[in-house]
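Let's take a friendly walk through this protein, one piece at a time. Have a look at the sequence and the 3D view before reading on.

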Amino acid sequence: MKTPYTEKVIEHFKNPRNVGKIENPDGKSTEGSPACGDIVSVYIKVDDETKRIADIKFESYGCASNIATGSIITELAKGKPIEEAKTISWKQASEALGGLPPVKAHCSVLAVEGLRAAIRDYEERHGLIKEREPTTVDVLRKRLKHVMNPLTGLDVVRTELIKNVELKDGTVHITVDLSEDHQFASAIKEDIKEKIEPLWDVKEVTVEFLG
Ligand code: FES
């Protein structure tokens, strides 16, 4: 069958490296692509002394290009200092795969953003962020765009599950339009807390369900 993919893309798609989840990761992320709605999660373990990526895994709910890029970026990032891993670009990833069709650029962008977000998560949790912007409601809403609504596979902001976001003296209160005993309520609550709590000036996060 003729495909628009290079042999390398097909090989990484068929035998992706570093697929899966790391239990108790030092950093993790879930990114969704606005272009296609697909999702990728990245997990990292970082050596605290050398600040190198000791282990990395990814889970993709995306297409062949996304799986192949996830595979190649985990190979490129493994063993690298986080400062260096952060600079891996989608262009580099796509070149390492021998090229991707232009229409598939967003798939590799998604994987690379997943890697950067997982590193940022590690840095936030370890107080390593230098440029400390004060948290605003806009910053909180941006973060919430990375919380998935398992009912649809899209984020909780786009699917209008977030009814209200309040911020006062470092305390964040989020109202979710779902009943408290809904099967996904506790997963959503946990995800919201995970995304918001690492912000340096946030002291407490409470999540309220309507109904
Ligand atoms: Fe969605 Fe490739 S089409 S990640």
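In which sense do strand 7 and strand 8 pair, and over how many bridges? Strand 7 and strand 8 (residues 204–209) pair in the parallel sense, over 6 bridges. Here strands (E, at least two residues) and helices (H or I, at least four) are DSSP runs numbered from the N terminus, and two strands pair if DSSP finds at least two bridges between them.

A word on the model: it is predicted, so local features need pLDDT of at least 70 and side-chain atom pairs count only at pLDDT 80 or more, while totals for chains, interfaces and linings use all residues. Residues are numbered from 1 along each chain as its sequence is written, and side-chain values use heavy atoms, with hydrogens and water left out.

| Strands | Sense | Bridges |
|---|---|---|
| Strand 6 (residues 162–168) and strand 7 (residues 171–176) | antiparallel | 6 bridges |
| Strand 7 and strand 8 (residues 204–209) | parallel | 6 bridges |

To find these pairs in the view, look for Val 165, whose bridge partner in strand 7 is Ile 174, and for Thr 175, which stands opposite Glu 208 in strand 8. Strand 6 and strand 7 form a hairpin with 2 residues between them, and Asp 169 in the turn has a positive phi of about 45°.

Now for the helices. Helix 1 (residues 7–14) and helix 2 (residues 64–77) pack at about 85° (axes are lines fitted to C-alpha atoms over the stretch in contact, and angles run from 0 to 180 degrees between N-to-C directions). The two helices are therefore roughly perpendicular (65 to 115 degrees) to each other.

Key: Angles under 35 degrees count as roughly parallel, over 145 as roughly antiparallel, 65 to 115 as roughly perpendicular and the rest as oblique.
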